[in-house]
Amino acid sequence: MKRLIFIALLTLLIGGAGLCGYVWWKARSAPHIAARGGRSLSIRLPAEAAHFRQNDPRWGAEKLGRTAETIKSVGCAMCSVASAAQYLGETTDPPTLNRALAENGGYTDQGWLVWSAIAKIFGQRIEVNVLSSPSHEAMDRALEAGQYSVVKFFLPMGIPHWVIVVGKEGQDYLIYDPTETDKEPRRLSEKTSGIYSLRIVRRRA
């Protein structure tokens with residue numbers, strides 16, 4: 001009996017490891033660009049206030065939209081957008097934006113952001129440009145125009161994560177990570193080798 005239980009547990013362990021490996025491979029094999037590249041620039045966008053952290057105790061335990069997940073666990077994209085809107089002159093914070101998104105169709109049932117809802121929430125003053133694929137040229141143009149790129153990469157085990165780009169030094173993009181308390185931006189290339197999705201948050205003309 002003990003042997004059967006051991007074999008069953010071993011089978012589950014091997015199967016789980018195989019599934020995790022497949023998810024990791026699938027994520028890493030998706031189309032992407034390098035974390036550094038494009039034109040050599042020296043730009044630092046305005047970011048006077050501290051970036052919003054998803055694990056901030058003031059709102060980390062709040063549910064993301066109408067899901068069972070919390071801002072602390074899966075709120076990286078929403079917190080990055082809130083930071084971008086703040087830097088563009090809007091008065092907001094993660095709980096305020098989270099509730100507005102929940103009330104205005106801003107999340108899918110899975111808790112993914114509906115990017116088109118951002119403009120409605122900010123009275124059409126702010127919009128998000130959703131690119132079909134990331135490019136260094138689009139990120140460089142955004143920086144030169146004073147716009148904030150929000151980019152997705154993958155953490156270990158294929159977990160997606162979003163951060164906000166606030167500058168560039170040479171070919172290194174500078175980012176704030178909503179899971180970290182850094183007062184100075186870090187190089188994106190220190191955290192990942194690839195960018196898999198790109199959204200550009202900008203003020204409408």
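Two residues are in contact when they have heavy atoms within 4.5 Å of each other. Keep that rule in mind as we tour this predicted model, where local features need pLDDT of at least 70 and side-chain atom pairs count only at pLDDT 80 or more, while totals for chains, interfaces and linings use all residues. Residues are numbered from 1 along each chain as its sequence is written, and side-chain values use heavy atoms, with hydrogens and water left out.

**The chain as a whole**

- The chain has six helices and eight strands; these are DSSP runs numbered from the N terminus, with helices (H or I) of at least four residues and strands (E) of at least two.
- Reading from the N terminus, the order is α-β-β-α-α-α-α-β-α-β-β-β-β-β.
- Of the 205 residues, 48% count as buried (under 20% relative accessible area, with exposed meaning over 50% and partly exposed in between; 1.4 Å probe, protein chains only).
- Among contacts with a separation of 6 or more, 65% are between residues 24 or more positions apart.

**The largest pocket**

- A pocket is found on a 1 Å grid over the protein atoms alone: it is an open set of points where a 1.4 Å probe fits, with protein on both sides within 12 Å along at least five of seven lines, and its lining residues have an atom within 4 Å of a point.
- The largest pocket holds about 540 Å³ of space, where a volume is the space filled by probe spheres set on the grid points, which are joined across faces, edges and corners.
- Its lining has 24 residues, and Val 74, Cys 76, Trp 112, Pro 160 and Trp 162 lie nearest the centre.
- Helix H2 (71–74), helix H3 (76–87), strand E4 (148–155), strand E5 (159–176) and strand E8 (197–203) each give at least two lining residues, and E5 has the largest share with four.
- By class, the lining of the largest pocket has 13 nonpolar, eight polar and three charged residues (Ala, Val, Leu, Ile, Met, Phe, Trp, Tyr, Cys and Pro are nonpolar; Asp, Glu, Lys and Arg are charged; the others, Gly among them, are polar).

**The second largest pocket**

- The second largest pocket has a volume of about 200 Å³.
- It is lined by 14 residues, with Ala 49, Ala 50, His 51, Phe 52 and Arg 53 closest to its centre.
- This lining has six nonpolar, two polar and six charged residues.

**Two buried glutamates**

- Glu 127 sits in strand E3 (residues 126–130) and counts as buried because its relative accessibility is 18%.
- The side chain of Glu 127 makes polar contacts with the side chains of Arg 202 (2.9 Å) and Arg 204 (2.7 Å); such a contact is a pair of N or O atoms within 3.5 Å, and within protein one must be able to donate a hydrogen and the other to accept it, while residues adjacent in sequence count only if both atoms are side-chain atoms.
- Setting aside neighbours within four places in sequence, Glu 127 touches Ala 119, Ile 200, Val 201, Arg 202 and Arg 204.
- Glu 180 lies in the loop between E5 and strand E6 (186–187), and it is also buried, at 18% relative accessibility.
- The side chain of Glu 180 has a polar contact with that of Lys 191 (2.7 Å).
- Beyond four places in sequence, Glu 180 is in contact with His 51, Arg 53, Arg 186 and Lys 191.

**Two loop residues with positive phi**

- Gln 124 is not a glycine, yet it has a positive phi of about 70 degrees; it lies in the loop between helix H5 (117–121) and E3.
- Met 157, in the loop between E4 and E5, also has a positive phi of about 70 degrees without being a glycine.
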